[in-house]
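Hello,

I am handing over a structure to you, and I would ask you to look it over before reading on. My notes on what was found in it follow below.

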Amino acid sequence: MADTQNLLLLFEHPTEPVFMDKGKKVTVFDVPDSYLTDRYRPISNEVQSRVGEKVEQRVPVREISIPDLRIPMSLGREEQFSLFIPKHRRIAGRLIDIFVNMRSVDDLQSVAVYARDRVNPVMFNYALSVALLHRPDTQGLDLPSFAQSFPDRFVDSQVFRELREESFVVQPGSRMPIVIPRDYTASDLEPEHRLWYFREDLGVNLHHWHWHLVYPFEASDRSIVAKDRRGELFYYMHEQIMARYNMERFSNSLARTQPFNNLREPIAEGYFPKMDSLVSSRAWPPRFDNTRLGDLNREQDQINLEVADLERWRDRIYEAIHQGFVMDERGQRVELDETRGIDILGNILESSILSPNRTLYGDLHNFGHVFISYSHDTNNKHLESFGVIGDSSTAMRDPAFYRWHAYIDRIFQEHKTRLPAYTDTQLNYSGISITGVQVASNGGQPNVLTTFWQQSDMDLSRGFDFTPRGNVFARFTHLTHTPFTYTINVNNDGGAQRFGYVRIFMAPKNDERGQPMLLREQRLMMVELDKFVVSLNPGPNTIRRRSTESSVTIPFERTFRNLDANRPAAGSPEELEFNFCGCGWPNHMLIAKGLPEGLRCDLFVMVSNYENDRIDQQLVGRCSDAASYCGVRDRLYPDRQSMGYPFDRLPRAGADRLVNFLTPNMSIVDVSIRHENRVVTRQA
């Protein structure tokens with residue numbers, strides 16, 4: 001039987017022929033002649049013998065009858081691939097089905113080797129990743145980071161010439177990291193550029209790509225898509241991105257993002273990505289300031305839509321929210337109630353194959369990305385591909401992403417504001433009171449958090465094609481913070497041990513004008529920092545929790561996929577979870593940048609009744625550690641409450657400020673986030 005680890009070698013050097021050497025231990029696939037492409041079949045002996053001179057390991061590939069790949073091969077190898085384009089989703093869905101349905105790992109390896117040189121490289125990476133995540137016999141595999149296979153999507157294109165020179169001239173042991181410029185996409189004349197460190201962060205963009213890997217929106221096997229509360233998770237993960245982004249805007253003296261709610265208005269913000277696509281050998285197209293959306297006629301992508309179509313879908317969704325129900329394809333009403341309503345809306349808005357009626361409610365979120373991404377060439381007159389907002393691994397680089405998602409979130413909030421406010425009874429935990437909260441960095445001032453810049457290295461050699469082998473490091477600068485610890489004092493007046501669910505959020509105290517925020521506004525900027533279960537003994541309890549344990553984030557090593565660091569033992573239950581754990585917000589971006597003088601925030605802590613909130617299920621391993629945004633592999637979402645509770649609805653009457661909202665099981669403390677403009681190099 002084939003070693004499943006060998007499948008991971010197929011992610012390396014994505015545009016090189018499959019028979020070229022791969023891996024740290026020099027490995028080649030023994031590819032049957034009939035599997036070679038027309039270019040290499042006549043000279044197979046010559047090419048394969050030359051490649052095999054320094055081989056340490058050979059992987060036999062069994063010759064089997066290959067399934068019909070005409071649909072997957074209909075997308076050109078040099079074309080850009082986008083999950084937001086329905087045609088591309090269908091093609092990728094077909095390839096996922098082929099990979100998932102192969103009877104054995106041997107057959108999967110054979111088909112993957114055959115397909116790799118014939119289908120689009122990015123689509124191959126996506127389809128094989130989804131298949132490996134969802135096949136029972138490959139779930140334990142640890143997928144390499146997408147940034148290592150396609151570094152061109154994360155790095156300034158100018159750096160590639162230096163990286164190539166370093167790898168060609170210098171021997172592997174002596175190579176130096178090449179420094180990626182800190183802010184290369186614009187100058188300070190562009191106010192939006194102050195947020196380069198958030199929008200262009202490697203970990204943030206990898207989180208977005210990996211989330212869509214774990215939650216694909218198209219596959220014929222419905223179970224791959226129909227995960228627990230998937231639509232609600234789509235809403236909440238993006239709502240949290242917007243809360244975090246707006247907090248970063250306050251950290252740079254900018255107002256909150258203006259929703260792109262008039263689709264006929266020009267998009268004020270331009271964006272020039274300064275990146276090249278190694279697959280298409282083209283530069284990612286820019287979008288100039290004040291570009292307008294236009295009707296799309298892109299025959300190659302089978303897109304012929306008007307801006308009016310987006311407006312129609314939006315109006316129908318608003319009508320459904322105001323009526324309190326949607327119509328499914330059989331003409332039956334589906335109620336948008338307190339528990340399932342947001343999940344149904346998420347599936348409609350995104351939209352996934354779980355949408356109850358795609359014909360009526362359309363594909364608003366995805367096509368918003370498509371319309372903006374093609375706004376520079378709506379009818380393919382200039383043969384230009386889509387901009388960065390058209391790809392889930394690069395979309396968050398574009399300021400327009402946040403304007404579009406502010407608009408999508410406004411639609412979700414239209415539903416949320418129609419739900420009844422949480423009552424005292426729903427919020428309180430009788431007999432439990434919080435008597436004190438403090439947060440402190442190691443050796444730092446209480447209730448002051450500190451951020452600074454850090455330089456870290458990442459090995460990009462897996463994505464460097466047709467170059468000498470060996471590590472090639474890029475050094476990039478990112479925001480980070482001094483780790484901190486929460487200390488929470490809780491009193492249990494009951495006579496018995498009880499269990500509580502601790503929920504920690506943070507939001508700015510004041511708005512962009514420096515005025516104290518009303519809770520109806522502040523709740524939309526509440527950033528979830530952590531959520532965990534505690535046992536409370538009778539009497540006083542002191543709870544300590546480190547910021548590195550957050551239920552939102554994954555550690556640095558997993559974001560950047562240092563595949564050997566913190567690796568669980570082979571074959572252990574934890575190893576099965578490790579890969580799903582690639583999904584999670586990067587820990588270095590847990591808190592906002594803050595201001596040199598300090599950004600004043602409210603840190604909110606609540607202990608809710610775990611007996612009401614619990615989901616009875618076995619959580620094996622450690623893949624629940626970023627559950628807030630990513631859920632838990634093959635399990636129910638580990639919290640019965642609505643995502644974002646208690647801030648997902650308007651506050652009750654009389655609770656116009658956060659302080660009036662509090663019940664005894666809640667507490668707030670003033671926290672200041674101070675930014676120190678210094679750069680520290682990460683020690684490996």
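Both Cys583 and Cys630 are buried, where buried means under 20% relative accessible area, exposed means over 50%, and partly exposed lies in between, with a 1.4 Å probe and protein chains only. Please keep in mind that this is a predicted model, in which local features need pLDDT of at least 70 and side-chain atom pairs count only at pLDDT 80 or more, while totals for chains, interfaces and linings use all residues. Residues are numbered from 1 along each chain as its sequence is written, and side-chain values use heavy atoms, with hydrogens and water left out.

**The disulfide**

The two cysteines are linked: Cys583 and Cys630 form a disulfide with their sulfur atoms 2.1 Å apart, the term standing for a pair of cysteine sulfur atoms within 2.5 Å. Such a link is a covalent bond between the sulfur atoms of two cysteines. A search of the whole structure finds one disulfide, and the link of Cys583 and Cys630 is left-handed, with -75° about the S-S bond. Cys583 lies in the loop between α19 (573-578) and β18 (585-586), and Cys630 lies in helix α21 (residues 627-630), so the pair ties together parts that are 47 residues apart in sequence. Helices (H or I, at least four residues) and strands (E, at least two) are DSSP runs, numbered from the N terminus. Another cysteine, Cys601, counts as buried because its relative accessibility is 0%.

**Helix packing**

How do α2 and α4 lie relative to each other? Helix α2 (residues 86-101) packs against helix α4 (residues 121-134) at an angle of about 45°, and their axes are 9 Å apart; axes are lines fitted to C-alpha atoms, for helices over the stretch in contact, and angles run from 0 to 180 degrees between N-to-C directions. The two helices, α2 and α4, are therefore oblique to each other, given that angles under 35 degrees count as roughly parallel, over 145 as roughly antiparallel, 65 to 115 as roughly perpendicular, and the rest as oblique.

**Two buried residues**

His208 is found in helix α8 (residues 202-214), and it counts as buried because its relative accessibility is 1%. Leaving out residues up to four places away in sequence, His208 touches Met237, His238, Ser392, Ala395, Met396 and Phe401.

Arg287 lies in the loop between β5 (282-283) and β6 (296-298), and at 4% relative accessibility it counts as buried. The residues that Arg287 touches, not counting those up to four places away in sequence, include Glu269, Tyr271 and Asp398. The C-alpha atoms of Arg287 and His376 are separated by 6.1 Å, although the two are 89 residues apart along the chain.

**Backbone exceptions**

Most residues other than glycine have a negative phi, and most peptide bonds are trans. The peptide bond from Glu350 to Ser351, however, is cis, with omega near -10°, and a cis peptide bond also joins Tyr645 and Pro646, where omega is about 10°.

Is Gln302, in the end, buried or exposed? Gln302 lies in the loop between β6 and β7 (303-305), has a positive phi of about 55° although it is not a glycine, and is exposed, with a relative accessible area of 55%. Asn447, in the loop between β10 (432-441) and β11 (448-459), has a positive phi of about 60° and is not a glycine either, but Asn447 is buried, with a relative accessible area of 17%.

How values were computed. Contact = heavy atoms within 4.5 Å.
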